[in-house]
Amino acid sequence: MSESNAGAPAPPPVVGLLAEFEAPEQLLDAARKVRDAGYTRWDAHTPYPLHGLEKAMGLRRTRLPWIVFAAGLAGLAGAFALQGYVHAVDYPLNMSGKPFLTLPEYLPVMFELTVLVSGITAFAGALALSRLPQYHHPFFAHPRFKRATSDRFFISLEVSDPRFERQAAEALLRAAGSASVEVVEDRGGTGKLPRWLVFATVLLAAVSLVPLMLIAQRRATPSDRPHPRLFTEMVFQPKYITQDATPFFADRRSSRPHVPGTIAQGELEADDALYRGKSGDQFVTRIPLPVTMALMRRGQERFDIYCATCHGYAGLGDGMTAKRADALQEGTWTPPTSLHTDPVRQQPVGQIFNTITYGIRKMPPYSPLIPVQDRWAIILYVRALERSQNARAEDVPPEVRPSLK
Amino acid sequence: MESEEVELEESAARPVGTGGRLLAVSVLIGVVALAGALAWGFCLGDGFRRFFHAYLLSFFFYLSLSLGALFFVLLHHLTRAGWSVVVRRVAEFLAANLLLLAFLALPIVFPVVFGNAALYPWAGAENIRGDELLERKAIYLNPGFFALRCAFYFAVFGLLARHYLKRSVAQDRSGDVEISRRLDGLSGFAMAGYALTLTFAAFDLLMSLDPHWFSTIFGVYVFAGSAAGGYALLIVALLLLQRRGRLGRTVTVEHYHDLGKLLFAFVFFWGYIAFSQFLLIWYANLPEETGWYRIRMSGAWAGVSLALLFGHFVLPFVGLLSRSAKRSRLILGFWAVWMLAAHWLDCYWLVFPQYTSRGVFVPQLTPDAGPAIPWPGLELLCLVGLGGLYVASAVSLARGCALVPVRDPRLAESLAFENR
């Protein structure tokens, strides 16, 4: 040890004692002695995990399981909250009628998030509770300590321990079978990260923002080129879609207009009565299809699909859409006429056909939606509905008549 | 690491006695209870329909326990485990009960062969005619092929269990290490064969109760329940043996800890598989698949399903989670008995809704309506009856054998086993 002269630097502060052992049993024995002597600021260092060491050191059971459990619960609840908010509050989508807030649907993600959050917390928590990562510790700098990672076992006793008294501690450790007990001094090393590491980390963090900024710029800038695609898959297909250009025709249109002076097969539609509900200038008064029960049932089905939303199932004009428009009171709605009023009942079937085809007042044209045969089926059913609201007792079939009041 | 030589205690090495009184009492209880159940079933006047369902339920309960024990034995050999040597012999006895169960399957198979549709609708020709699905399935679901398959299943199970027990007992005398090597080597094929056989046995015995329904994960579901039940039974059997003064120092808290860990694992695995089966059917919402669950989720069965969820999964999960619970014989024993009851409830839930609903789901106008579940008196009587025979068979198999494989090459490792 250097003599201290006036003006010479003070000797480095003592950090503690480092006792070296050659065999694991010696370490366990020594640990028990140190524990029983009442020391608290000390640690054992071994190249591999030593079973029973935590008992020999008298270590308390760790709090980590409770931290992980709490984190797991948070993951579980968080997953439920995430899915519940997205599916039931923010953007409900009708998935074949399943309820929006539904546990079976949420459970897989809840399970996964519980495991994920627990796992990450266990890892981070174990490091944090061990106060790691630690860049520097005076004991690590001691030359003999290197062997703690290969074939020697150490006990380090810190000077900050309230019971620390150098002679007594040294004697205890030697008595426990230590091969060598050395005083460890703090020879510098500040425990601060080296400047180059900090500089490199900050630079890396700054550079990593660049791709994000490039992406943000691209998203905010309009462009006349299609966006780049990494996996084109089925995006480009050898077929024409609407308004595609083609060099095949002189006018470069892929969608062709009708050739003048021709009619496509099946589109002649010569039968005026069937296709337009007219005979000359008059609306037809008879349905131009064979009137069968099958046609009636088809009409009922189609009416319920297309018409009942406004007109109601009985044709009274009380459908869902009509009621909603009424409730909204926007001043732009004309309610549908009840089909059972006299004017409607007296219309020839051809006129009803005309109404369905071209629409009237607020009702849009239904020709794109309803093929011609179905329109006549609907008209047949409408007539049946009208009859139902203006019937006499004799119209009721005999088997049902007894249930009339 | 310390290596102390642990001596094998005398009660472990001593061969089991004739067990005369226990044998006689259990046979008596078994026969009387079964006869009582048969009489009860006859008095119900439903063509033994309820009796057959009760019998199938109890039969399958014990079958699954022995299959779980067989799984334990095969797994032990497959992984060349050291810790479980001291408990393996008891598991071998329980697994070898599959021989008895092969005979106990006859009351199920015979009526089917004679066209009796009390249990399986497809066994009756009158049910198949006009039902397009059953007509197509008839090439598989017909009495002759069914009987052939059952014979095959029980041959595989019985011969496997018997082989492993016999070779293990032979090793007690000869101490031949080659026996262990051969059993370990066989266990790979045996495990694969066991898995396939169990899957198809589950399809035939349980899934075909409702021949219009199917679930490809059904075999795994039955396996999960069997394994959990098997481990629970093993724990209970060991605790009972220790109460009778045997294996006191051989099977230590360390072994119970590991058995507890495995029981916990299979509790969770059962929950996982049960939910997987449910979720896929719930999500797809296809009428051909949902009927089976709709029956079990409506009316009185809804309560049973909820009891199953909490009793078979949620509560045992929480109860067996902590390390100290698995290391306490009292707590572990409690949960093992609980799991046996929960496993019985699982079997009940699989079989019995078929009896009350005949596989037809009728949407109820009010949620509480629907067929009531009769109090399970007949079912419990069958359980006791078959249980008596089950115990008797285990006792008789154990006669003259040691309770521990005394000359297994890994015995010392097992005796000194310590959990870290």
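**Reading a predicted two-chain model**

Colleague: Is A:E330 buried or exposed?

Modeller: A:E330 counts as exposed, because it has 8 C-beta neighbours inside 10 Å. Buried means 20 or more other C-beta atoms within 10 Å, exposed 12 or fewer, and partly exposed in between, with C-beta atoms placed from the backbone. This is a predicted model, in which local features need pLDDT of at least 70 and side-chain atom pairs count only at pLDDT 80 or more, while totals for chains, interfaces and linings use all residues. Residues are numbered from 1 along each chain as its sequence is written, and chains are lettered from A and ligands numbered from 1 in the order in which they are written.

Colleague: Where does A:E330 lie in chain A?

Modeller: In the loop between α10 (320–328) and α11 (342–346) of chain A. Helices (H or I, at least four residues) and strands (E, at least two) are DSSP runs numbered from the N terminus. From A:E330 to A:I241 the distance is 39 Å, C-alpha to C-alpha, and the two residues are 89 apart in sequence.

Colleague: How many helices and strands does chain A have?

Modeller: Chain A has 13 helices and six strands. Its radius of gyration, taken over C-alpha atoms, is compared with a globule rule of 2.2 Å times the number of residues to the power 0.38. For the 405 residues of chain A the rule gives 22 Å, but the radius is 45 Å, well over that value, so the chain is more spread out than a compact globule. The C-alpha trace of chain A spans about 130 × 75 × 40 Å along its principal axes, and 16% of the residues of chain A count as buried.

Colleague: What domains is chain A divided into?

Modeller: Domain 1 (12–189) and domain 2 (272–391), with bounds from an automatic or database domain assignment. The centres of these domains of chain A, taken over C-alpha atoms, are 79 Å apart.

Colleague: Why is strand β1 of chain A described as largely enclosed?

Modeller: Seven of the eight residues of β1(A), residues 14–21, are buried, so the strand is largely enclosed by the rest of the structure. Strands pair if DSSP finds at least two bridges between them. β1(A) runs antiparallel to β4(A), residues 180–185, and six bridges join them. One of the links is between A:G16 and its bridge partner A:V184 in β4(A). β1(A) also pairs in the antiparallel sense with β3(A), residues 153–158, over six bridges. There, A:L18 has A:S156 as its bridge partner.

Colleague: Which backbone angles should I look at?

Modeller: Start with A:R252, a residue other than glycine whose phi is positive, near 60°. A:R252 sits in the loop between α7 (195–220) and α8 (272–276) of chain A, and is exposed, with 10 other C-beta atoms within 10 Å. In chain B, B:L247 also has a positive phi near 60°. B:L247 is in the loop between α11 and α12 (253–284) of chain B, but counts as buried, with 22 C-beta neighbours inside 10 Å.

Colleague: What span should helix α11 of chain B have?

Modeller: The expected span is 1.5 Å times one less than the number of residues. For the 26 residues of α11(B), 218–243, that is 38 Å, and the end C-alpha atoms are 38 Å apart, which agrees.
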